[in-house]
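Visitor: I am new to reading protein structures, and I would like to learn how to look at one step by step. Could you take me through this one?

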Amino acid sequence: LLLTLLISFSLLRSQVPNEGFENWTDGEPDFWTTNNADTLITITQSNSSHSGSSALKGECIPYFPPFLPVMGPIGICDGDTDDGFPIEFRYNSLKGFYKLNSQGGDQLFITLWVSVDTQAIGVGSILINNAASYTEFAIPITYIDPATPNKCIISFQIINPVGGINVTLGSEMYLDDLELSMDMVSDVE
């Protein structure tokens, strides 16, 4: 009975694919879509991790022309589809660990959507400021429908709330150990 409870509890804690960013193929994190291209690589694997051997690193690099960073690094966990990755429970929060070396007021923006098939039924988001060492974040999920979702999409991006799409060269983020959780967390402004 105790073993069954422990297994059930662990299943309720995370279904995020490649949540620790340990698995990469051809310079891309498995199950994640990035804005990396042949000439613009903003998402890379880092050995500066919270746990395990690697984490995700995103940095604002020059975009040409005019050699300004126009968009911060973007990652979307969609299970390699546009529909989202499968989930089986009505989770209350998304948790994880991040570091952010922000330049010029840049912030890390993390968002998630949960849905039943293609109908969105819940959302959560957070804007995060500098953190020199790995710091835990927790995003409450707000539901607008009593149904249990079967899909989830998680996205993150460095943005500049003042400069719009113009972010600052040198801003960099690290993400690790993401998990969907049943834990209730406080609302985030």
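Predicted model: local features only at pLDDT ≥ 70, side-chain atom pairs only at ≥ 80, totals over all residues.

Visitor: How should I read a nonpolar core, and which residues have the most contacts inside the largest one?

Guide: The general idea is that, in soluble globular proteins, nonpolar side chains tend to be buried together. Here the largest nonpolar core has 35 residues, and those with the most contacts inside it are L108, I110, L112, F137, I154, F156 and L180. Strand 8 (93-101), strand 9 (107-116), strand 10 (119-128), strand 11 (131-140), strand 13 (151-159) and strand 14 (172-181) each supply at least two residues of this core.

Visitor: Which residues does F156 touch, if its neighbours up to four places away in sequence are not counted?

Guide: Once those neighbours are set aside, F156 touches W32, I43, L56, P73, I74, G75, L108, F109, I110, M173 and L175. We can follow one of these, L56, which is placed in strand 5 (residues 55-59) and counts as buried because its relative accessibility is 0%. With the neighbours up to four places away again left out, L56 touches F21, W24, P29, I43, T44, F156, M173, Y174 and L175. The residues L56 and I43 are 13 residues apart along the chain, and their C-alpha atoms are separated by 6.9 Å.

Visitor: How do I read a pair of aromatic rings, and how many aromatic pairs does the structure hold?

Guide: Two things are read together, namely the distance between the ring centres and the angle between the ring planes. The structure holds four aromatic pairs. In one of them, F21 and W32 have ring centres 5.1 Å apart and planes at 45°, so the pair is tilted. F21 lies in the loop between helix 1 (2-11) and strand 1 (24-25), whereas W32 is in strand 3, so the pair ties together parts that are eleven residues apart in sequence. W32 counts as buried, because its relative accessibility is 4%. Moreover, F21, W32 and F156 form one aromatic cluster.

Visitor: What kind of pair do F89 and Y91 form?

Guide: The pair of F89 and Y91 is edge-to-face, with 5.9 Å from centre to centre and 80° between the planes. F89 is partly exposed, with a relative accessible area of 25%, whereas Y91 counts as buried at 1%.

Visitor: Where does the charged end of R90 sit?

Guide: For such a case one looks for a charged group placed over the face of a ring. The charged end of R90 sits over the ring of Y143, 3.8 Å from its centre, and the charged end of K99 sits over the ring of Y174, 4.6 Å from its centre.

Visitor: How do I read a polar residue such as T42, and with which side chain does it make a polar contact?

Guide: T42 is found in the loop between strand 3 (32-34) and strand 4 (43-46), and it is buried, with a relative accessible area of 2%. A polar contact of 2.7 Å joins the side chains of T42 and N35. Apart from its neighbours within four places in sequence, T42 is in contact with N35, N36, K57, G58, E59, I61 and P73.

Visitor: Finally, what is the backbone angle phi of N18?

Guide: Phi of N18 is near 50°, a positive value in a residue other than glycine. N18 lies in the loop between helix 1 and strand 1 and counts as buried at 8% relative accessibility. D117 also has a positive phi, of about 55°, although it is not a glycine; D117 is placed in the loop between strand 9 and strand 10 and is partly exposed, with a relative accessible area of 47%.

How values were computed: Residues numbered from 1 in each chain as written. Heavy atoms only, no water. Core = buried A, V, L, I, M, F, W, Y, C linked by side-chain atoms within 4.5 Å. Buried < 20%, exposed > 50% of the residue type's maximum accessible area, 1.4 Å probe, protein only. Helix = DSSP H or I, 4+ residues; strand = E, 2+ residues; numbered from the N terminus. Contact = heavy atoms within 4.5 Å. Polar contact = N/O pair within 3.5 Å; in protein donor to acceptor, adjacent residues only side chain to side chain. Phe/Tyr/Trp six-rings, centres within 6.5 Å; stacked < 30°, edge-to-face > 60°. Lys NZ or Arg CZ within 6 Å of the ring centre and 35° of its normal.
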